[in-house]
Amino acid sequence: MKYLKVERKWALVIALILTLAAVVQITSMDLSAGVRDIGKIIGTFVIPGAFYFIAFAPKSDDEK
C-alpha cells in the first residue's frame, strides 16, 4: 500500500479549518427544508475535500 504524504501543508491546514467549520455548520443546521439543504450539505463538504486533494496530490516536476 502506498502511503499518503502531505505535499502542500498550507492546503492541509485550510482543509482542516474548513472541515471543522463544516461540522459546526452541519450540527447547527435545520435539516427540515429538504432539497436546498442537501445542496448546502454537499457544498459544505466538497470544498474541504478539494483542499484535501490539493494537499495530498503529488507535485509535478516543475513545483519541486
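Q: In which helix is Phe-56 found?
A: This is a predicted model, in which local features need pLDDT of at least 70, side-chain atom pairs count only at pLDDT 80 or more, and totals for chains, interfaces and linings use all residues. Residues are numbered from 1 along each chain as its sequence is written, and side-chain values use heavy atoms, with hydrogens and water left out. Helices (H or I, at least four residues) and strands (E, at least two) are DSSP runs, numbered from the N terminus. By that assignment, Phe-56 is found in helix H2.

Q: Is Phe-56 buried, partly exposed or exposed?
A: A residue is called buried under 20% relative accessible area, exposed over 50%, and partly exposed in between (1.4 Å probe, protein chains only). Because its relative accessibility is 27%, Phe-56 counts as partly exposed.

Q: How many helices and strands does the chain have?
A: H1 covers 9–28 and H2 covers 35–56. Met-29 is found in the loop between H1 and H2. The count for the chain is two helices and zero strands.

Q: Which residues of H1 are buried, and what arc do they cover?
A: The buried residues of H1 are Ala-11, Ala-15, Ala-22 and Ile-26. They lie on the same side of H1, because the arc that they cover around the axis (taken from the directions from the helix axis to the C-beta atoms) is only 35°.

Q: What arc do the buried residues of H2 fall within?
A: The buried residues of H2 are Asp-37, Thr-44, Pro-48 and Ala-55. Seen down the axis of H2, they line one face of the helix, because they fall within an arc of 30°.

Q: What is included in the cover of the buried residues of H2?
A: On the other side of H2, the exposed residues are Val-35, Arg-36, Ile-38, Ile-42 and Phe-53. For H1, the cover of the buried residues includes H2. For the buried residues of H2, the cover includes H1.

Q: How far apart are Thr-44 and Ile-26, C-alpha to C-alpha?
A: Thr-44 is placed in helix H2 and counts as buried at 12% relative accessibility. Beyond residues up to four places away in sequence, Thr-44 touches Ala-22, Gln-25 and Ile-26. Thr-44 and Ile-26 are 18 residues apart in sequence, and their C-alpha distance is 8.2 Å.

Q: With which residues is Met-29 in contact, leaving aside its neighbours within four places in sequence?
A: Met-29 is buried, with a relative accessible area of 17%. Its C-alpha atom and that of Lys-40, eleven residues apart along the chain, are separated by 9.7 Å. Apart from neighbours within four places in sequence, the contacts of Met-29 are Asp-37, Lys-40 and Ile-41.

Q: Which residues form a nonpolar patch on the surface?
A: Accessible areas come from the Shrake-Rupley method with a 1.4 Å probe, and for residues only the protein chains shown count as cover. H1 and H2 each supply at least two residues of the patch. With about 420 Å² of accessible area together, its members are Trp-10, Ile-14, Phe-53 and Ile-54.

Definitions and conventions. Patches are made of residues with over 30% relative accessible area and no salt bridge: like charges are joined within 9 Å, nonpolar side chains (Val, Leu, Ile, Met, Phe, Trp, Tyr) within 5 Å. A salt bridge is a side-chain nitrogen of Lys or Arg within 4 Å of a carboxyl oxygen of Asp or Glu. Contact means heavy atoms within 4.5 Å.
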